[in-house]
Amino acid sequence: MAESRQLEAQLRETAEKLLREKNVSLFVGYEKASLPFRTTPLLLTKTEEAPRLVWNPFCNANLSVYLPRLFLAPADARAAKAAPAPPRVGVVLKGCDSRAVAVLLQEKQVRRENLVLVGIHCPGIVDRRKAEKALGEHQALGAGEDGGGNIRVVVEDGTESTLRREDVLADACLECRSPAPALHDILLGAPGEAARTGTARPGTARTRTAEFESRPLEARWAGFQEVIARCIRCNACRQACPLCYCKTCIFEQNRPRWIGPGTDPSDLALYHLIRAFHLAGRCTECGACERACPMGIDVRLLARKLSAEVEDLYGYRPGESVEATPVLSSFALDDPQDFVTEP
Amino acid sequence: MPSEWEPRILAFLCNWCSYAGADLAGVSRIQYPPNLRIIRVPCSGRINPFFLLRGLQNGADGVLVSGCHPGDCHYISGNLAARRKFALLKELMKYAGLEPERVQFTWVSASEGGRFAAIAEKVIGQIRKLGPNKKLVKSHG
Ligand code: SF4
Ligand code: SF4
Ligand code: FES
């Protein structure tokens, strides 16, 4: 819709101003990619580059993924003394991305005083795979929004077709409960867009989890195996996740080697169980992992369940508060324990 | 050979309560089936869920974790923090289609030799009924 054009202009202005007034030395946003339905992350340092910034329904990466590594402390004290001061960074955030920043702050991976958070009210973003599927035989050459918020595509023979927005929105966006970036310094756009277009279906994650859960045990195992069978262990899901910031990932450690690097079915199952578990009580349900997956795997199958459990058992939703103690670092004397054998 | 199959069960026992409880069961000559392979850990809070999954991957048919009763942890709250991790891990495994009986958590104090033996017997019985672990075990070679 025209609105995102307008937002894009505001975003460029904002970035330009931040850089010009030396409020930030680096600005992280999106730029046009060479393929349709995609954007590429853009790391800006010069004001004159600000016009390269874009804002559209294809801005699907969670840009907060870049932040922890910008503030990595040097390994030893002497190097730390000599190291330049960490940069001040501006970053574009959708609702879910801003929750990821909240978790990064909570876990002390980034410094608030070094961040300028530019939030945008998120109308939901397009899942490239859904769009490609909707086009069937056709190959998209270019894509953009039409006036009504739907997606207009030019295909190989030059003809145009329109994809209905709700048919191609990412699952995470259909399931999203808070598209407004709660944590921000600057806020662009207006709320309620998702509701207005009638696409938001909060609670769908629960329905999907309940559906999977209602299957018998063996069918769940078969379902899990079927979902992960195509995984090639490329680690894209891990790389795309802002909360997978460990310097040495447990999947890559070799002394001890915790897990084989290949696609042995047992290693695959462990990879997905552990990845989900490491994000328990931390995942902000941005869906960056599943959109990054080259194999189109439902990467959040297990994470959805853990999010629901964390909320039901401990009344906790990650990314809602910077001050709260992370759910797995805290406890209550009367935490439920019916899972315990002979409690 | 299914007729000869005996479950192999890893037992992670916290040093201060459950390990002493297991020891007491032995010293008191309380009989229970010999299927546990006991690993002593400083505290139930030391247990990384990865330990349990790795155990299953390497051929264990089940895992038992036991710590001090809530409130009695030698390090005050190790078992309370662990309780949240274990609750989520168990839910996660169940959801993914693994038999919930394969991974069990419990509390046994240093004076509860009888309780340790009873729980061991119960867990071993349940896992024996389930049969060998086939889902997570890695076939080497
Ligand atoms: S696990 Fe996936 S959905 Fe959750 S925070 Fe990481 S990238 Fe986002
Ligand atoms: S991105 Fe997809 S294929 Fe790659 S490791 Fe993750 S789930 Fe597997
Ligand atoms: S010392 Fe026994 S559980 Fe912590």
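This is a predicted model: local features need pLDDT of at least 70, side-chain atom pairs count only at pLDDT 80 or more; totals for chains, interfaces and linings use all residues.

Reader: What volume does the second largest pocket have, and which residues are the closest to its centre?

Author: A pocket is an open set of points on a 1 Å grid over the protein atoms alone, where a 1.4 Å probe fits, with protein on both sides within 12 Å along at least five of seven lines; lining residues have an atom within 4 Å of a point. Grid points are joined across faces, edges and corners, and a volume is the space filled by probe spheres set on the points. For this pocket the volume is about 420 Å³. Of its 16 lining residues, the closest to the centre are Thr39(A), Pro41(A), Asn60(A), Ala61(A) and Ala292(A).

Reader: Which element gives the largest share of the lining of the largest pocket?

Author: The largest pocket holds about 940 Å³ of space, and 39 residues line it. Helices (H or I, at least four residues) and strands (E, at least two) are DSSP runs, numbered from the N terminus. Helix H2 (67-70), H11 and H12 of chain A each give two or more residues to this lining. The largest share, four residues, comes from H12(A).

Reader: Which residues are the closest to ligand 2?

Author: A residue is near a molecule if one of its heavy atoms lies within 4 Å of it. The shell around ligand 2 divides into eleven nonpolar, two polar and one charged residue. Of the 14 residues that surround ligand 2, the closest are Cys231(A), Cys234(A), Asn235(A), Cys237(A) and Cys293(A).

Reader: How many residues of each class are in the shell around ligand 1?

Author: Among the residues around ligand 1 are Cys241(A), Cys283(A), Cys286(A) and Cys289(A). Arg275(A), Glu285(A) and Arg300(A) also belong to the residues around this ligand. The shell divides into six nonpolar, two polar and three charged.

Reader: Why is helix H4 of chain A largely enclosed by the rest of the structure?

Author: Buried means under 20% relative accessible area, exposed over 50%, partly exposed in between (1.4 Å probe, protein chains only). What covers the buried residues of H4(A) includes strand E1 (26-32), H2, strand E4 (89-93) and strand E5 (115-120) of chain A. The helix is largely enclosed because the number of its twelve residues that are buried is twelve.

Reader: Is Glu107(A) buried or exposed, and which residues is it in contact with?

Author: Glu107(A) lies in the loop between H4 and E5 of chain A. Its relative accessibility is 17%, so Glu107(A) counts as buried. Contact means heavy atoms within 4.5 Å. Leaving aside neighbours within four places in sequence, Glu107(A) is in contact with Tyr245(A) and Arg282(A).

Terms used
Residues are numbered from 1 along each chain as its sequence is written. Chains are lettered from A and ligands numbered from 1 in the order in which they are written. Side-chain values use heavy atoms; hydrogens and water are left out. Ala, Val, Leu, Ile, Met, Phe, Trp, Tyr, Cys and Pro count as nonpolar, Asp, Glu, Lys and Arg as charged, and the others, Gly among them, as polar.
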